[in-house]
Amino acid sequence: LEKYGLYVTALKEVKGGINLNLNLSFLNQVSQKDKVMFTRQFGVMLKSAIPPVKALKSQVAQTKNTQFRAKILQMAEGIETGSSLSQVFALHPSVFDQFFVSIVKSGEATGKVADSLGYLADHLEKDYNLRQKIRGAMIYPAFIIVVFIGAFFLVTFFIVPKLTQILKDFSGKLPLSTKAMMALSDFVRGGGWIFLLLLMGFLFILPMILKTLRRTRRFYDSMLLKLPVFGGFFKRVALVQFCENLSVLIKAGLPITQALSITKNIISNTIYKEIIQEVE
């Protein structure tokens, strides 16, 4: 404990009770917000001439996420044993990707690690805000779809059957649309709802399958950009990611070819990957 600048101020014995000692790692995943705060504070400390080991150890006390705290301690140990900052960051690719490590390595080469971390913090913050905006923009369409599905089943199971009984008492000829609605209601109530649920499940899982398989990924990405309303939206998202990432890498001093190569790996859309490959 003393090695990390921590000192015991009180000890309390715990008697009885059940200690399940559960390690729910999925609840302690390092979020983008945690990474932004760490990068910003760590960069400020280095700029204030605080040694990297001391700066890392001070971050441990300020980090609430247990998994992230353990990783920061491991990085501090790595610095103490003679590793560089970029090397200790590279030990945790799930948190610090190639983009992050490359900028830190560029900062080490130019002697401007603090400035590089400042660029990174600005970039991560913009990326975080962009993700939040995208998530917020997708909430409304998702809400509309859920409401529509709920209204469909409500009408089919409760409203149409009552209207059917009333309409059957009339001797007049019913419109084709009314007959179709009544037939659809009978089909759904007669067990067709299972088919509809399976169909919706298939339509939900199919894009995930197309996105996962290497052979179909290009087709999926191409169709995503050609969607009537959302296609333009996805294009703009990809362009923002491309420009922002490339800008930060060039600003950090990386050669244009290396910057394009790293940016290509960050962009998720296969079509844009191919375009960036050609440019590179």
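Colleague: How much space lies in the largest pocket?

Modeller: Bear in mind that the model is predicted. For the largest pocket, the computed space is about 1,000 Å³.

Colleague: Which element gives the most to the lining of the largest pocket?

Modeller: The lining has 30 residues, and Met 138, Lys 211, Tyr 220, Leu 224 and Phe 234 lie nearest the centre of the pocket. Helices H6 (113-168), H7 (176-212), H8 (214-225) and H9 (230-251) each give two or more residues to this lining. With 11 residues, the one that gives the most is H6.

Colleague: How many residues of that lining are nonpolar, polar and charged?

Modeller: The lining of the largest pocket is made up of 30 residues. They divide into 6 charged, 3 polar and 21 nonpolar.

Colleague: What is the volume of the second largest pocket, and which residues are closest to its centre?

Modeller: The second largest pocket has a volume of about 350 Å³. Of its 19 lining residues, the closest to the centre are Gln 32, Lys 35, Asp 97, Asp 127 and Arg 131.

Colleague: Which helix gives the most to the lining of the second largest pocket?

Modeller: At least two lining residues come from each of helix H1 (32-47), helix H5 (98-110), H6 and H9. By type, the lining residues divide into 8 nonpolar, 7 polar and 4 charged. The helix that gives the most, with 4 residues, is H6.

Colleague: How are H8 and H11 placed to each other, roughly parallel or roughly perpendicular?

Modeller: The axes of H8 and helix H11 (residues 270-279) come within 7 Å of each other and cross at roughly 100 degrees. Angles of 65 to 115 degrees count as roughly perpendicular. The two helices, H8 and H11, are therefore roughly perpendicular.

Colleague: How many residues of the contact of H8 with H11 are charged?

Modeller: From H8, the residues Arg 217, Arg 218, Asp 221, Ser 222 and Leu 225 meet Thr 270, Ile 271, Tyr 272 and Glu 274 of H11. The residues of this contact divide into 3 nonpolar, 2 polar and, for the charged ones, 4.

Colleague: Which backbone oxygen does the side chain of Arg 217 reach?

Modeller: Arg 217 is found in helix H8. Beyond its neighbours within four places in sequence, Arg 217 is in contact with Leu 210, Lys 211, Ser 268 and Thr 270. At 2.9 Å, the side chain of Arg 217 reaches the backbone oxygen of Ser 268.

Definitions and conventions
Residues are numbered from 1 along each chain as its sequence is written. This is a predicted model: local features need pLDDT of at least 70, side-chain atom pairs count only at pLDDT 80 or more; totals for chains, interfaces and linings use all residues. Side-chain values use heavy atoms; hydrogens and water are left out. On a 1 Å grid over the protein atoms alone, a cavity is a set of points where a 1.4 Å probe fits but cannot get out, and a pocket is an open set with protein on both sides within 12 Å along at least five of seven lines; lining residues have an atom within 4 Å of a point. Grid points are joined across faces, edges and corners, and a volume is the space filled by probe spheres set on the points. Ala, Val, Leu, Ile, Met, Phe, Trp, Tyr, Cys and Pro count as nonpolar, Asp, Glu, Lys and Arg as charged, and the others, Gly among them, as polar. Axes are lines fitted to C-alpha atoms, for helices over the stretch in contact, and angles run from 0 to 180 degrees between N-to-C directions. Angles under 35 degrees count as roughly parallel, over 145 as roughly antiparallel, 65 to 115 as roughly perpendicular and the rest as oblique. Contact means heavy atoms within 4.5 Å. A polar contact is a pair of N or O atoms within 3.5 Å; within protein, one must be able to donate a hydrogen and the other to accept it, and residues adjacent in sequence count only if both atoms are side-chain atoms.
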